[in-house]
Amino acid sequence: MSKIKLGFCLTGSFCTFKPVIEQMEALSQSYDILPIMSYHAAQLDTRFGKAQEHIRRIEDICGKSVITTLPEAEPIGPKGYTDIMLVAPCTGNTLAKLANSIIDTPAVMAVKSHLRNLRPVVIAVSTNDGLSGSGKNIGLLQNLRNYYFVPYGQDNYQGKPSSLVADFTKIEQTLQLALEGKQIQPMLLR
């Protein structure tokens with residue numbers, strides 16, 4: 001039996017790369033992963049690591065080159081490269097682009113291309129403004145067909161009261177249910 005084809009988009013919430021890449025490694029046992037990165041995720045060196053080191057580790061895990069350009073991401077849907085798409089971490093910037101059909105990074109192009117086949121997209125939110133500016137985009141996407149959310153909650157209500165982050169350990173459960181057309185519950189964490 002062949003593995004489910006998972007598109008795995010990483011966007012620029014660099015502080016969550018370590019736990020997200022750990023989940024990618026675990027998922028690689030059950031899924032055939034196609035790695036995709038936004039421009040910032042693929043190009044910026046931060047205090048959380050160098051871009052090329054992240055890319056090298058991701059390519060080692062997936063056994064494939066990371067998609068880092070719009071032309072590489074565009075054929076994902078037409079050629080049926082993915083059964084399900086995951087955006088983890090999904091920044092407020094990416095949420096806004098998805099909610100408003102702004103297709104200007106490889107990650108959002110991958111999602112758009114994948115959605116043309118009416119297949120599920122799973123979002124693992126990681127944004128400092130989830131309960132302020134990005135809140136409307138989360139709400140909009142939660143009401144669109146084929147979008148599913150990894151359970152999320154406030155990660156530091158005292159220091160960053162508007163910040164939301166997904167429980168990345170629930171990615172696999174969310175993917176399995178999304179493939180059945182179901183949203184994992186509860187979606188909001190306490």
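How many salt bridges does the count come to? We will get to the answer after a look at the chain as a whole; keep in mind that this is a predicted model.

## Overall shape

Let's start with the fold. The chain has eight helices and seven strands. Its C-alpha atoms fill a box of roughly 45 × 35 × 30 Å along the principal axes. A compact globule of 190 residues would have a radius of gyration near 16 Å, and the 15 Å of this chain agrees with that.

Contacts tell you how the chain is connected: of those with a separation of 6 or more, 77% are between residues 24 or more positions apart.

Of the 190 residues, 51% count as buried. The chain exposes about 9200 Å², and carbon and sulfur atoms supply 49% of that area.

As for charge, there are 19 positive and 16 negative charges, and their mean positions lie 5 Å apart.

## Salt bridges

Back to the opening question: the count comes to six salt bridges. Among them is Lys64 with Asp32, whose closest N and O atoms are 2.2 Å apart. This pair links distant parts of the chain, 32 residues apart: Lys64 sits in the loop between helix H3 (51–62) and helix H4 (70–73), while Asp32 belongs to strand E2 (residues 31–37). Lys64 is partly exposed at 27% relative accessible area, and Asp32 is partly exposed at 31%.

Lys160 pairs with Asp155 in another salt bridge, with the closest N and O atoms 3.2 Å apart. Lys160 is partly exposed at 31%, and Asp155 is partly exposed at 37%. Glu180 and Lys182 also form a salt bridge, at 3.3 Å between the closest N and O atoms; here Lys182 is partly exposed, with a relative accessible area of 43%.

Definitions and conventions
Residues are numbered from 1 along each chain as its sequence is written. This is a predicted model: local features need pLDDT of at least 70, side-chain atom pairs count only at pLDDT 80 or more; totals for chains, interfaces and linings use all residues. Side-chain values use heavy atoms; hydrogens and water are left out. Helices (H or I, at least four residues) and strands (E, at least two) are DSSP runs, numbered from the N terminus. The radius of gyration is taken over C-alpha atoms; the globule rule is 2.2 Å times the number of residues to the power 0.38. Buried means under 20% relative accessible area, exposed over 50%, partly exposed in between (1.4 Å probe, protein chains only). Contact means heavy atoms within 4.5 Å. Accessible areas come from the Shrake-Rupley method with a 1.4 Å probe; for residues, only the protein chains shown count as cover. Lys and Arg count as positive and Asp and Glu as negative; His and the chain ends are not counted. The place of a charge is taken as NZ of Lys, CZ of Arg, CG of Asp or CD of Glu. A salt bridge is a side-chain nitrogen of Lys or Arg within 4 Å of a carboxyl oxygen of Asp or Glu.
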